[in-house]
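Here is a friendly walk through one protein model.

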Amino acid sequence: MSQASATIRDLHPGDIAAAHALLARHGWAQRIGSVERFALLLERSQRIAVAVLDGEVVGLARALTDGLSNGYLSMVLVAPEQRGRGVGSALVRHVTGDDPAITWVLRAGREGAAAFFERLGFRASTLAMERLRR
């Protein structure tokens, strides 16, 4: 018997609380804050996708972009029990699209992140700089 695969789609307003709960359960609580603050983060993002399986949000990707030249992949999270099934790759492809004129950047600081993103065509860069939040 084959396992059902998650549906990847743009975030709907009704997904916000479930997406917040998913992120909070998996180490992002401090970063995303309250549901209201999280909703504001999403409102100010240009591209947001969720992975939905059996009516449950099991993944999220969020990106900021001008849509022409530059993009920043800010969040990618897949529920642990759904990892290794292509959900994260599909989320990244959904929010980054296939426009070769856009350079996408991200921070790959979590364990296993660099290898995951390398499989999607990202490469380590010596050009990026950052000013960390306080």
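## Leucine 23 and its neighbours

Which residues does leucine 23 touch, leaving aside those up to four places away in sequence? Leucine 23 is in contact with Trp28, Ala29 and Ile32, and also with Phe38, Leu60, Met75 and Leu77. Please keep in mind as you read on that this is a predicted model.

## The largest nonpolar core

Leu23 also has a place in the largest nonpolar core, which holds 36 residues. Together with Phe38 and Leu60, Leu23 touches the most other members of that core. Several elements give two or more residues each to this core: helix H1 (16-32), H2, helix H3 (87-96) and helix H4 (113-119) on the helical side, and strands E2 (47-53), E3 (56-65) and E4 (70-78) among the strands.

In soluble globular proteins, nonpolar side chains tend to be buried together.

Is glutamate 36 buried or exposed? This residue belongs to helix H2, which spans residues 35-43. Glutamate 36 counts as exposed because its relative accessibility is 61%, and the cut-off for exposed is over 50%.

Histidine 26 is ten residues away from glutamate 36 along the chain, and their C-alpha atoms are 18 Å apart.

## The largest pocket

Now for the open spaces in the model. The largest pocket has a volume of about 800 Å³. It is lined by 30 residues, and those closest to its centre are Val76, Leu77, Arg110, Ala113 and Phe117. Leu77 is also one of the residues that leucine 23 touches.

H1, E4, H3 and H4 each give two or more residues to the lining of the largest pocket. Of these, E4 provides the largest share, with seven residues. Sorted by class, the lining has 13 nonpolar, nine polar and eight charged residues.

## The second largest pocket

How many residues line the second largest pocket? There are 18, and the ones nearest its centre are Val105, Leu106, Arg107, Arg123 and Ser125. This pocket has a volume of about 500 Å³.

Strand E5 (103-106) and H4 each supply at least two residues of this lining, and the largest share, four residues, comes from E5. The lining of the second largest pocket is made up of eleven nonpolar, three polar and four charged residues.

Definitions and conventions: Residues are numbered from 1 along each chain as its sequence is written. This is a predicted model: local features need pLDDT of at least 70, side-chain atom pairs count only at pLDDT 80 or more; totals for chains, interfaces and linings use all residues. Side-chain values use heavy atoms; hydrogens and water are left out. Buried means under 20% relative accessible area, exposed over 50%, partly exposed in between (1.4 Å probe, protein chains only). A nonpolar core is a set of buried Ala, Val, Leu, Ile, Met, Phe, Trp, Tyr and Cys residues joined through side-chain atoms within 4.5 Å. Contact means heavy atoms within 4.5 Å. On a 1 Å grid over the protein atoms alone, a cavity is a set of points where a 1.4 Å probe fits but cannot get out, and a pocket is an open set with protein on both sides within 12 Å along at least five of seven lines; lining residues have an atom within 4 Å of a point. Grid points are joined across faces, edges and corners, and a volume is the space filled by probe spheres set on the points. Ala, Val, Leu, Ile, Met, Phe, Trp, Tyr, Cys and Pro count as nonpolar, Asp, Glu, Lys and Arg as charged, and the others, Gly among them, as polar.
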